[in-house]
Amino acid sequence: MAVSKDPTLIGSMFARIVPRYDLMNRLMTFGRDAAWRRLTVDLAGPDAEALALDVGCGTGDLTLALAGRCRAAVGIDFCAEMLQAAQEKARAQGAAIELALADAHHLPFPDDTFGCIVTGFALRNVADIRRVLAEMHRVAVPGGRMACLELTPPGDGPVGRVNALYQRRFVPLLGQMVTGDAAAYAYLPASVASFPQAEVLAEMMRAAGWRQVGYRRLGFGAVAIHYGVK
Ligand SMILES: C[S@@+](CC[C@H](N)C(=O)[O-])C[C@H]1O[C@@H](n2cnc3c(N)ncnc32)[C@H](O)[C@@H]1O
């Protein structure tokens, strides 16, 4: 199935689901996303001296996880409603984060700025993955690390087929019940199916300049965390 990555459509889809976005994440992942996020931050090499960046920060869970472990944490997103939710969450937690409305294809930061960069469930939604990986590389300091948490196309084996069925049938149904927006959650499996396989994404990272690239599969193979060093 062809999936549109038109920024206006993607942005308005995320704006619609903001109020129940966190709840859907917890339900869809059986609460596992919190542990995956912790591991993502670990793999991005947080450092009390480093500036940290979260690309496509959404409601800010990864940005907030970085904030406690780096000198300062910045989250960018092109959806103002998502940023507003992140801001409210930070205020409720008494956490200091910086948020900016920006497109991941054109990060509004100078070269060599961040020691630690993460992105969570965002890369699947961008129009040009290579460009975003290159932008993340550009703004990383030499020796800086990145980690990308993302759904990954299910394999052809029995577990992969169960995963695909879960995403195609159960997730849109749950999305309809919890958010009233079946379309947004029908987009999810379609976007996963058209996303590069884990090894292909690793190769795209290398082509963007990242070194020591690797990845870990989680969630019965439905999730991968890729990581690399500039
Ligand atoms: C599935 S949500 C993930 C949010 C958050 N990172 C998390 O881990 O829950 C994807 C986010 O990426 C943002 N996004 C998608 N394409 C983007 C782009 N080109 N530039 C900036 N943000 C983008 C969306 O607005 C949305 O908030």
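## A ligand shell, a helix and a core

Of the 22 residues around the ligand, those that come nearest are G56, G58, C79, A104 and G120. Two elements, helix 1 and helix 3, each give two or more residues to this shell. Keep in mind that you are looking at a predicted model. Let's take it topic by topic.

**Around the ligand**
- Helix 1 provides the largest share of the shell, 5 residues.
- Sorted by class, the shell holds 12 nonpolar, 7 polar and 3 charged residues.

- Helix 2 spans residues 33-43, and its buried residues are D33, W36, R37, T40, V41 and L43.
- These residues lie on the same side of helix 2, because they cover an arc of only 165° around the axis.
- On the face turned away from the buried side of helix 2 you will find the exposed residues A34, A35 and R38.
- The buried residues of helix 2 pack against helix 1 (7-28), helix 3 (61-67) and several strands, including strand 4 (114-120) and strand 5.
- Just after helix 2 comes G45, with a positive phi of about 60°.

**The largest nonpolar core**
- This core has 69 residues, and A44, A52, L66, I117, M146, A147 and I225 touch the most other members.
- Strand 5 (residues 140-151) gives the most to this core, with 6 residues.
- Beyond its neighbours within four places in sequence, L66 is in contact with V41, P46, A52, D54, A73, C116 and V118.

Terms used: Residues numbered from 1 in each chain as written. Predicted model: local features only at pLDDT ≥ 70, side-chain atom pairs only at ≥ 80, totals over all residues. Core = buried A, V, L, I, M, F, W, Y, C linked by C-beta atoms within 7 Å. Buried ≥ 20, exposed ≤ 12 C-beta atoms within 10 Å, placed from the backbone. Helix = DSSP H or I, 4+ residues; strand = E, 2+ residues; numbered from the N terminus. Contact = placed C-beta atoms within 7 Å. Arc of directions from axis to C-beta. Near = placed C-beta within 6 Å. Nonpolar A, V, L, I, M, F, W, Y, C, P; charged D, E, K, R; others polar.
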